[in-house]
Every structure is written in structure tokens, then in C-alpha cells.
Amino acid sequence: MANNKEKTFNFVIVGGGIAGVTCVEQIPSADVALVTAGPHIKAVTNYKQVSRTLEAFDVEEQPSSVLEEKFPNLTVIHSAVKALRTHSQSVETVDGRVFGYEKLCICSGARAKLLTQDKPYVLGIRDTDSAQEFQKKLSKAKRILVIGNGGIALELVFEVEGCEVIWAVKDKAIGNTFFDAGAAQFLIPSLEADKPERAAPCKRPRYTTEEPAAGGSQTFTADRNLRGRHCGPTEPGSALGPDWHEGIVLQGAQQVSRRVSVEYQCEVEKIFTSEQLLSSSQQTLQPDIGNWPVYVQLTNGKTFGCDFVVSATGVTPNTEPFLHGNNFSLADDGGLQVDDHMMTSEPDVYAAGDVCTACWEHSPLWQQMRLWTQARQMGWYAGRCMAAHVLSEAVELDFCFELFSHVTKFFNYKVVLLGKFNGQGLGPDHELLVRCTKGQEYVKVVLRGGRMVGAVLIGETDLEETFENLILNQMDLTPYGEELLNPNVDIEDYFD
């Protein structure tokens, strides 16, 4: 293979997602190849630096020719990777071509974890093609079942209309990846009302939430003719980028605006077709589950029929084409281990984005979460490191890895996450301050030893920059106590 190289490039980047494209943009003056399976790439647009570490941007799918026009030194190779041979520093594509590299960066992203393979009624949503397939199936659906509790699931259940949604989550509250039970309780009314009733700010240093019993459920309906909330058993009835659902119609086949039933603390026990149901003992257990293409039995004992199942249970690093014959060190989550210069265990091979796992000693205020913001940051930093190493220049770990920060939107609310926003890894040695105004804002601060180490901001709070500074500066906030979140105190001016 080493003797059949079509061409050797200074840099080869594998993957046309955010990490790969951003990496390419950091190497403007060398001979660069971008290997990508599709004709389009994911580009960052409308980039805005919100604060020192917070950034907001859109992800736009563009023809790869746009990137080639912007960077004359770039060659785009339209093919997936079949094999990597690190000993000969070459990459073979599925169409049989072989390219050499001096430095390689793997930005192949991740693939959706599917509940089961080769099931026509189970759909994972990860890229543009799968999102369009979902839209097509949804247009004819009366009920779908969504499995998962991360970002994709949160966006789906809120955006889908005209179709009943059964939402199965393994946790005690929705959005467990991003929120605690208090934030989930704040967001839940968005599923059943157009505009939640405003209430006076409520400042509480401690709070309790009503948790559904294990295997319990809640149903939320938003419709001009029918509106209600029911607890207890429910009757049977229904990498993309930030705002991936914008511009596509997520409309089912029914007239109801939104009807979401949440099944808590449960997972999928079994998936079977109507034919399998008829030949099993399940038909005697729930004779009223109706006639559906597919049925899902949950671990809480309930069985639901639906038109199809959406598997939104997370992602797996897409390392498969690169492992055979090489000696990569893998992390427990399956990602390629990278050091603080984004280098893997193989010489001259770097990795960035969802395919890698950051294995350097993290800042006490940062964690990896495989988000679009981190894909961009890692791709940007990997490109800088590769270019610097060729020139034998030193490069320090970028400041973006000092503090975890993410801004997004859920249930039509702006959401900002900072630091150890869910008390990750802090154990019992931390306290929470919470301020909540129903239908308007939810503010949670995580304190450790009197110093702010994390925050969740939902709504237009305008507190992100102030809290970011307080976390980075590690100022002792003990003297302020609960007044820190007093709605009558302008905290921005107070700590300016």
C-alpha cells in the first residue's frame, strides 16, 4: 500500500463535519487534503463570541467547493476511509485510492447508538439524511416512541406536532444530561401550554421537586380544544447541528398540536412487530394497545404500539475504520485517547471532535460532553497544534479548555451551562442556590467552599458573563449568601 500512494499531502484531515472543517481552516498555507464521504461539509456561520469562553454559532451545510474556493491549497477527496496504515503514513479510501500524509487528523465524529440494528421501524437521528428520513416517516405517523434523554430527544418532543409522542427516559426527570430535577420541572409546562402564566420571582436556597414514582408517567397536551395534565398510567394514543430542526417541518398525520406522554425510569425491554405480537403472550396482557406497525415493551411493564421508534440514546465514537492494524489507545467510552496537543498514541496522528476523548489532566471546571461547541474548539486547536509542530513551535493548551461553557436552546428557552453545572464529580461537598420565575427564568448556582464552580441559566437572564467571571476568578462569595440571587439586586453592576 505504501508504494501505491497517489499523492502525499502535508496534512490530511478525515471528516467533513465541524471539527474537520475548522481544523482545515487553521492550516491556510500548506498542502492539505480533506477526506469526506459526502458532497457537503458542515461550516460554522454567524459566529459570535458571547464572552471569554461562551460562543454561539450556526451550522450550515455547504458544498465542499465553497471550502476549496476559500482555500486554494485544499484538495477535497470525496470518499470514505477504508483503512489507515500508520506505519506507512497512508490512508486508503473505499474507492481504492491511497494518499500519504505527514500529519493526519481524524475528525470522523460519532454514530448514533441504535437500540437494535436492522429493524426497519427503529430510526436514529444523527445527520441530514436521517433527519430527512425522520421527517418523511413522521408525516404519515399518528404516534411515535422516543427513547433517550439527551439533546436530540429534548428538541424532538418539543418540536413535533400533529403526532402523539411517547417519551421513555431512564431517569427521574427529563433532560438529565443537562439539567437537574428543578430545571426539568421549570421546563415541563412548555409541553402543555402556549405561554405559561407569569409569577413573581421565587428565591429559594433549597428546593424540592415532585418526582414520579419509578415507572410512573406524565402526559402533557397542548391543543386549542384540549388541554390538560394527567399523572399516573397513560392511555395509549402518540452530527445535525444546533437548531437542526429549523427549516424542516416536523408535522405528523393528526390534528392535535402537541401531546407528549413521559414514561420515567424505564428502558426498552423488547421491540416486536404486529406479527410477533400476535404469536406471543403479550396480546393477552394489554388487549387495548391497538393495531400498530411496531410495539415496544418497556421495563416498567407497559407496552405501547406506534408507527416507529426514534432511538436518541447517545453516540459512539466513529473509530472503526482506523483501528485495524494500528496501535491506538482507546478510552473507556471508545474514543481515541488524545493528549493536551490533540495527539493520539500513534505518531503524527491527531484527533478532534466526537471521535476523540480528552485524556489530559482536565481543569477542575471543564469536562468533555461531545457538543458542537467542543467539536469546533477541538478542531480549531488541533489545526493550530499540527501547524505549530511542523514549525517546531510551542503551543499552550487553549483557554477554552479552562471552563466548560455551552449556550443552546431547549423548549424555546435560551440555555447557558457553565462549569460543573450539575455538580459533576463534586460529591456531597457542594451547595446550590436557585432562583426561579415560572415561565420566565431559572437560575441555579453551584457553590463549593463558598466559591462558584458552576451555573445553569435558562431564559434571558443576562447573567452569563458575570457568572463566568465569578467562576474563573474563584472569588469567595460566602459574605453574600442567598443575596447572590436576590432578584432585587442588580448582580451585574454589583460585581462589575
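**Confidence, aromatic pairs and salt bridges in the predicted model**

Within the chain, strand β23 (residues 349-351) has the highest confidence, at 98, while strand β15 (residues 228-231) has the lowest, at a mean of 36. Across the chain the average pLDDT is 83, and 82% of the residues score at least 70. Two stretches deserve a careful eye. Residues 195-200 have a pLDDT below 50, and the model gives this stretch 9 contacts beyond near neighbours in sequence. For residues 202-211 the pLDDT likewise stays under 50, and here the model has 27 contacts beyond four places in sequence.

Aromatic residues come next. The search of the whole structure returned 15 aromatic pairs. In one of them, the ring centres of F178 and F179 lie 6.2 Å apart and the planes meet at 50 degrees, so this pair is classed as tilted. The class follows because only planes under 30 degrees apart count as stacked and only those over 60 as edge-to-face. Both partners are buried: F178 has a relative accessible area of 6%, and F179 has a relative accessibility of 2%. F186 and Y442 make up another tilted pair, with 6.0 Å from centre to centre and 40 degrees between the planes. Here too the residues are buried, F186 with a relative accessible area of 6% and Y442 at 3% relative accessibility.

Turning to charged side chains, the whole structure contains 17 salt bridges. Among them is the bridge between E164 and R259, with an N to O distance of 3.7 Å; both of these residues are buried. R435 and E441 form another salt bridge, in which the closest N and O atoms are 2.8 Å apart, and this pair is buried as well.

D333 has a relative accessible area of 36%, so it counts as partly exposed.

T53 is placed in the loop between β3 (40-49) and β4 (55-63). With a relative accessible area of 2%, T53 is buried, as the limit for that class is under 20%. Leaving aside residues up to four places away in sequence, T53 touches Q377, F399, L403, S405 and E468.

How values were computed. Residues are numbered from 1 along each chain as its sequence is written. This is a predicted model: local features need pLDDT of at least 70, side-chain atom pairs count only at pLDDT 80 or more; totals for chains, interfaces and linings use all residues. Side-chain values use heavy atoms; hydrogens and water are left out. Rings of Phe, Tyr and Trp (its six-membered ring) pair if their centres lie within 6.5 Å; planes under 30 degrees apart count as stacked, over 60 as edge-to-face and the rest as tilted. Buried means under 20% relative accessible area, exposed over 50%, partly exposed in between (1.4 Å probe, protein chains only). pLDDT is the predictor's confidence in each residue, from 0 to 100. Helices (H or I, at least four residues) and strands (E, at least two) are DSSP runs, numbered from the N terminus. Contact means heavy atoms within 4.5 Å. A salt bridge is a side-chain nitrogen of Lys or Arg within 4 Å of a carboxyl oxygen of Asp or Glu.
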